[in-house]
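Colleague: Could you take me through how some of the helices in this one pack?

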Amino acid sequence: MADPKEVKRLQTLAYEMRKKLITLCGHYEGIVHIGGDLSVTDLLIGLYHYGMKVDPKNIKAPTRDRFILSKGHAAVSMYIAMTLRGYFDFDEIMRTYGRLGSAFGEHPCKIQLPGVECSTGSLGQGLAIAVGLAFSARVKKETHRVFCMMGDGETCEGEVWEAANTAGSYKLGNLVGIVDRNKQLMTSFDGDYINLEPYADRWRAFNWNVIELDGHDMNSIVDAIDKIPPITNPKPTVLIAQTTKGRGVSYMEHQINWHAGSLSKEDTEKALADIEANYAKLGGGK
Ligand SMILES: Cc1ncc(C[n+]2csc(CCOP(=O)(O)OP(=O)(O)O)c2C)c(N)n1
């Protein structure tokens, strides 16, 4: 059972993160993948601020957990979750994001950003890299975990299932996949063309331990993280998180045209008002 004080702390961080996402999206002249950023907001707060053993003051610690954002188009979400943990400076992100020469690109680059473990953006590759890291950690008798966050649409890619099969076959108990199951792809919904159900059974068939959760409920996120078995478990674990694309901004939720976009002043004000109202419904941190 999640500690209510901890849940409040995480809810407040998720609220701060949503405000920063909208502020950046309203300020940047280009396109931000805001729909998929908002669907992983609560999960990334849960991971960076509760679930993962990481330390922004010691980013190379050999014992740290490794995180790969395989859905690299949600880079902004990762930057902001990490900023709230003390890795980066939000003013620098606001000033430079997406500009030529900036460390904060539209997809994450590990050479530019100390603390980012893997450059991503070409979908389908992260899990295979995570499998390699997890396998190597086991050979070296290291005790950290490797976390890999994927989009559900991304898991249409064959490479994901080759990696899933390998992880299940090698019983990589130190590997944790997180799927952002928002049931939207870029231009369609799950089932319009490609059908991903029965989704959890697909992972079970590859010998994974499956934990299903509500990816916007901090109690559910904390409980799911607490249920991840020790690294000696003979199966990798996948957290399948039911989420909503555009979560927290009424005009974006479940809308195909908000996969990515930019915000007018009016859009920004409306989005910030929604975020305030949702936070007030949660008790506003009290
Ligand atoms: C290999 C590859 N093909 C296509 C794209 C373009 N693309 C970016 S986001 C996206 C949709 C991904 O859907 P999903 O994984 O469900 O992400 P979400 O809807 O949560 O943003 C696509 C096709 C890409 N980045 N990489």
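Predicted model: local features only at pLDDT ≥ 70, side-chain atom pairs only at ≥ 80, totals over all residues.

Colleague: Start with α1, then: how many residues does α1 have, and how far does α1 reach?

Modeller: Helix α1 covers residues 4–27, which is 24 residues, and spans 35 Å from its first C-alpha to its last, close to the 34 Å expected at 1.5 Å a residue.

Colleague: And what caps the N-terminal end of α1?

Modeller: That end is capped by D3, which places a side-chain oxygen 3.1 Å from the backbone nitrogen of K5.

Colleague: OK, what angle do α1 and α3 pack at?

Modeller: Helix α1 and helix α3, residues 75–85, pack at about 130° with their axes 10 Å apart, and the two helices are therefore oblique to each other. The crossing of α1 with α3 is right-handed.

Colleague: Which residues make that contact?

Modeller: From α1 the contact uses L13, E16, M17, K20, L21 and L24, and from α3 it uses V76, S77, I80, A81 and L84. By class, the contact of α1 with α3 has eight nonpolar, one polar and two charged residues.

Colleague: Switching to α5 and α6, why is α5 called roughly parallel to α6?

Modeller: Helix α5 (residues 126–139) and helix α6 (residues 158–169) pack at about 25°, with axes 8 Å apart, and because angles under 35 degrees count as roughly parallel, α5 is described that way relative to α6.

Colleague: Left-handed or right-handed, that crossing of α5 and α6?

Modeller: The crossing of α5 and α6 is left-handed, and the contact involves L127, A128 and V131 of α5 together with E159, V160, A163, A164, T166 and A167 of α6.

How values were computed. Residues numbered from 1 in each chain as written. Heavy atoms only, no water. Axes fitted to C-alpha atoms, helices over the stretch in contact; angles between N-to-C directions. Helix = DSSP H or I, 4+ residues; strand = E, 2+ residues; numbered from the N terminus. Parallel < 35°, antiparallel > 145°, perpendicular 65-115°, else oblique. Left-handed = near helix turned anticlockwise from the far one by under 90°. Contact = heavy atoms within 4.5 Å. Expected span 1.5 Å × (residues − 1). Polar contact = N/O pair within 3.5 Å; in protein donor to acceptor, adjacent residues only side chain to side chain. Nonpolar A, V, L, I, M, F, W, Y, C, P; charged D, E, K, R; others polar.
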